[in-house]
Amino acid sequence: MSKEEIYTRLQSVFRDVFDNDTLTIHADTTAADIDDWDSLSHVGLIVAIEQAFGVRFTSREILSWTRVGEMADALCQKCS
């Protein structure tokens, strides 16, 4: 799966989780950039990403991410 495909699918997940059809994510997007992205919604986001991509992340992976680009990099490794 290409990085572009990953971002397209990720954007769809973000839009569903945050109930915002105009939300646009980029590699440098952080929780501070998205209204309502708090610790509780983060858990829901991770679960939704895992389901959408058919992968599982470790706690260590999840805790290491500070921006969307790092999520996408992890997905690239798992989906290759």
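Analyst: The charged end of arginine 9 sits over the ring of phenylalanine 53, 4.4 Å from the ring centre. A charge sits over a ring if NZ of Lys or CZ of Arg is within 6 Å of the ring centre and within 35 degrees of the ring normal. This is a predicted model: local features need pLDDT of at least 70, side-chain atom pairs count only at pLDDT 80 or more, and totals for chains, interfaces and linings use all residues. Residues are numbered from 1 along each chain as its sequence is written, and side-chain values use heavy atoms, with hydrogens and water left out.

User: How far apart are the end C-alpha atoms of helix α2?
Analyst: Helices are DSSP runs (H or I, at least four residues), numbered from the N terminus. The expected span is 1.5 Å times one less than the number of residues. Helix α2 has 15 residues, 39–53, so it should span 21 Å. The end C-alpha atoms agree with this, at 21 Å.

User: Which residue caps the N-terminal end of α2?
Analyst: The cap is a side-chain oxygen 3.2 Å from the backbone nitrogen of leucine 40. A polar contact is a pair of N or O atoms within 3.5 Å; within protein, one must be able to donate a hydrogen and the other to accept it, and residues adjacent in sequence count only if both atoms are side-chain atoms. The oxygen belongs to aspartate 38.

User: What covers the buried residues of α2?
Analyst: Buried means under 20% relative accessible area, exposed over 50%, partly exposed in between (1.4 Å probe, protein chains only). The buried residues of α2 are Ser41, Leu45, Ile46, Ile49, Glu50 and Phe53. Contact means heavy atoms within 4.5 Å. The cover includes α1 (3–17), α3 (59–64) and α4 (68–78).

User: Is glutamine 11 buried or exposed?
Analyst: Glutamine 11 lies in helix α1. Leaving out residues up to four places away in sequence, glutamine 11 touches Leu23, Thr24 and Ile25. At 17% relative accessibility, glutamine 11 counts as buried.

User: How many aromatic pairs are found in the whole structure?
Analyst: Rings of Phe, Tyr and Trp (its six-membered ring) pair if their centres lie within 6.5 Å; planes under 30 degrees apart count as stacked, over 60 as edge-to-face and the rest as tilted. The search of the whole structure gives four.

User: What kind of pair do phenylalanine 14 and phenylalanine 18 form?
Analyst: Both residues are buried. Ring pairs link Phe14, Phe18 and Trp37 into a cluster. The centres of phenylalanine 14 and phenylalanine 18 are 6.0 Å apart and the planes are at 35 degrees, so the pair is tilted.

User: How many disulfides are there?
Analyst: A disulfide is a pair of cysteine sulfur atoms within 2.5 Å. For cysteine 76, the nearest cysteine sulfur is that of cysteine 79, 7.6 Å away. The count is zero.

User: What is the phi of aspartate 19?
Analyst: Most residues other than glycine have a negative phi. Aspartate 19 lies in the loop between α1 and α2 and is exposed, with a relative accessible area of 70%. Although aspartate 19 is not a glycine, its phi is positive, about 50 degrees.

User: What is the phi of aspartate 36?
Analyst: Aspartate 36 is placed in the loop between α1 and α2. At 62% relative accessibility, aspartate 36 counts as exposed. Aspartate 36 is not a glycine, yet its phi is positive, about 75 degrees.

Definitions and conventions. Helix = DSSP H or I, 4+ residues; strand = E, 2+ residues; numbered from the N terminus.
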